[in-house]
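Q: Could you walk me through a few contacts in this one before I set anything up?

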Amino acid sequence: FERSVQRARFHPRFSEGFNPKPYIDFAQPLSLGFSGLKEVLSLELLDELADEELVERLNLFLPEGLKINRCFHISYEETKRKPPSIMSCFGGGRYQIEILEDAAEYQKYVSSIQEYFSSCIKLNTGSSCFLCDIPSEKQSIIKSLYTDLVSKTDIQMTRVCCFSNNDGEELFTYLLNMYRRL
């Protein structure tokens with residue numbers, strides 16, 4: 001992601017110190033083996049850019065499979081209080097767990113998944129997918145489930161969205177509304 005920002009010729013704000021890094025903040029980084037559909041991040045830039053320009057330029061340089069769908073701009077004066085970080089607003093994620101096995105094999109893992117999540121909702125009858133809302137303080141559970149099942153079956157886990165710590169509203173929408181009020 002850092003390379004894509006540089007290739008798009010953006011001027012990010014860098015941390016200070018011996019090894020400066022651009023200020024890129026992910027709401028909750030995904031573990032290895034997971035995919036995400038609506039991930040949220042912040043990128044501090046020194047330049048003022050239109051939202052559409054940022055999306056267009058950055059998408060030109062992102063690796064295949066990564067795409068910025070939308071963004072919004074936040075302005076704040078360095079001398080004033082910085083807005084809350086997106087990580088501090090992260091309330092959890094909605095995960096889709098898909099067992100990529102035939103129906104007979106799939107039934108062996110249904111109880112394992114339900115043991116991990118009491119709030120687990122089966123998407124539809126006969127499907128090998130589950131949809132689970134996992135709060136931020138329980139994110140380690142999803143990693144444990146993945147580790148447990150990946151050695152036994154072909155599994156795909158996708159975070160389909162992030163939600164805020166404020167009534168489960170979608171994180172991007174929550175941040176947009178909160179920052180616009182500042």
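Predicted model: local features only at pLDDT ≥ 70, side-chain atom pairs only at ≥ 80, totals over all residues.

Q: What does R13 pair with?
A: R13 forms a salt bridge with E44, where the closest N and O atoms are 2.3 Å apart. The pair links distant parts of the chain, with R13 in the loop between α1 and β1 and E44 in the loop between β3 and α2, 31 residues apart.

Q: And is E44 buried or exposed?
A: E44 is buried, at a relative accessible area of 17%, whereas R13 is partly exposed at 24%.

Q: What about R70?
A: R70 forms a salt bridge with E170, the closest N and O atoms being 3.4 Å apart, and this pair, too, links distant parts of the chain, 100 residues apart. Salt bridges that share partners join K38, R70 and E170 into one network.

Q: Switching topic, where is R159, and what does its side chain reach?
A: R159 lies in strand β7 and is buried, with a relative accessible area of 0%. Its side chain reaches the backbone oxygen of Q28 at 2.4 Å, and a polar contact of 2.4 Å joins the side chains of R159 and E39.

Q: Last one: which residues of α5 are buried?
A: The buried residues of α5 are Q139, I142, L145, Y146 and L149. Seen down the helix axis, these buried residues fall within an arc of 115°, so they line one face of α5.

Definitions and conventions:
Residues numbered from 1 in each chain as written. Heavy atoms only, no water. Buried < 20%, exposed > 50% of the residue type's maximum accessible area, 1.4 Å probe, protein only. Helix = DSSP H or I, 4+ residues; strand = E, 2+ residues; numbered from the N terminus. Arc of directions from axis to C-beta. Polar contact = N/O pair within 3.5 Å; in protein donor to acceptor, adjacent residues only side chain to side chain. Salt bridge = Lys/Arg side-chain N within 4 Å of Asp/Glu carboxyl O.
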